[in-house]
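Please read them with the structure open beside you.

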Amino acid sequence: MRTALPHLPLHLPLHLPPRTLPLASLFVLLLMTAASTAMAQDIREAARKAETDRQAAETEAHQIEQRILADREALITAVTEAESRQLALESEVADLRRRITTGQQQHQELAEQWSVRELGF
């Protein structure tokens with residue numbers, strides 16, 4: 001069974017003077033324009049800040065890249081110097097080993113000569 005709904009008016013009666021509605025509409029339009037202008041200003045300001053931040057990030061990235069390249073060159077130089085020093089030390093060690101071998105041979109020869117002389121007495 002259907003229940004009857006109370007009768008609702010389809011429009012709200014406005015008891016405003018005839019010039020008030022266009023003025024209210026104009027006021028709402030001005031508020032919307034002001035709000036959109038403020039939003040556009042905020043968007044432009046955000047775009048400027050984003051561009052400034054992007055440029056700062058690019059500058060910082062470039063500086064970091066330059067430091068890395070400089071560090072790389074310094075590292076390559078240090079490695080080259082270490083390798084040449086290693087070669088020099090290896091050569092020096094080989095020379096010292098030859099001298100030790102020569103010294104040991106001389107010592108052995110002298111020891112043999114001494115023992116021959118001692119036996120001769």
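Predicted model: local features only at pLDDT ≥ 70, side-chain atom pairs only at ≥ 80, totals over all residues.

1. Glu51, Arg54 and Glu58 are joined in a network of salt bridges. A salt bridge here is a side-chain nitrogen of Lys or Arg within 4 Å of a carboxyl oxygen of Asp or Glu. By that rule the count is six salt bridges.

2. Residues are numbered from 1 along each chain as its sequence is written, and side-chain values use heavy atoms, with hydrogens and water left out.

3. What secondary structure does the protein chain have? It has one helix and zero strands. Helices (H or I, at least four residues) and strands (E, at least two) are DSSP runs, numbered from the N terminus. Helix α1 covers residues 20-120.

4. How much of the protein chain is buried? Of its 121 residues, 0% count as buried. The cut-offs are under 20% relative accessible area for buried, over 50% for exposed, and partly exposed in between (1.4 Å probe, protein chains only). The protein chain exposes about 11,800 Å², with carbon and sulfur atoms supplying 64% of that area. These areas come from the Shrake-Rupley method with a 1.4 Å probe, and for residues only the protein chains shown count as cover.

5. Arginine 48 and glutamate 45 form a salt bridge through their side chains, at 3.0 Å from N to O. Both residues sit in helix α1, three residues apart, or about one turn of the helix. Arginine 48 is partly exposed because its relative accessibility is 45%, and glutamate 45 falls in that class at 44%.

6. Lysine 49 and aspartate 53 also pair in a salt bridge, at 3.1 Å from N to O. They lie four residues apart in helix α1, about one turn of the helix. Which class does lysine 49 belong to? With a relative accessible area of 51%, lysine 49 is exposed, whereas aspartate 53, at 41%, is partly exposed.

7. Glutamate 73 takes part in a salt bridge with arginine 72, where the closest N and O atoms are 3.7 Å apart. Glutamate 73 is partly exposed at 44%, as is arginine 72 at 48%.

8. The backbone oxygen of glutamate 73 is also reached by the side chain of threonine 77, at 2.9 Å. Threonine 77 belongs to helix α1 and is partly exposed, with 40% relative accessibility.

Technical notes:
Polar contact = N/O pair within 3.5 Å; in protein donor to acceptor, adjacent residues only side chain to side chain.
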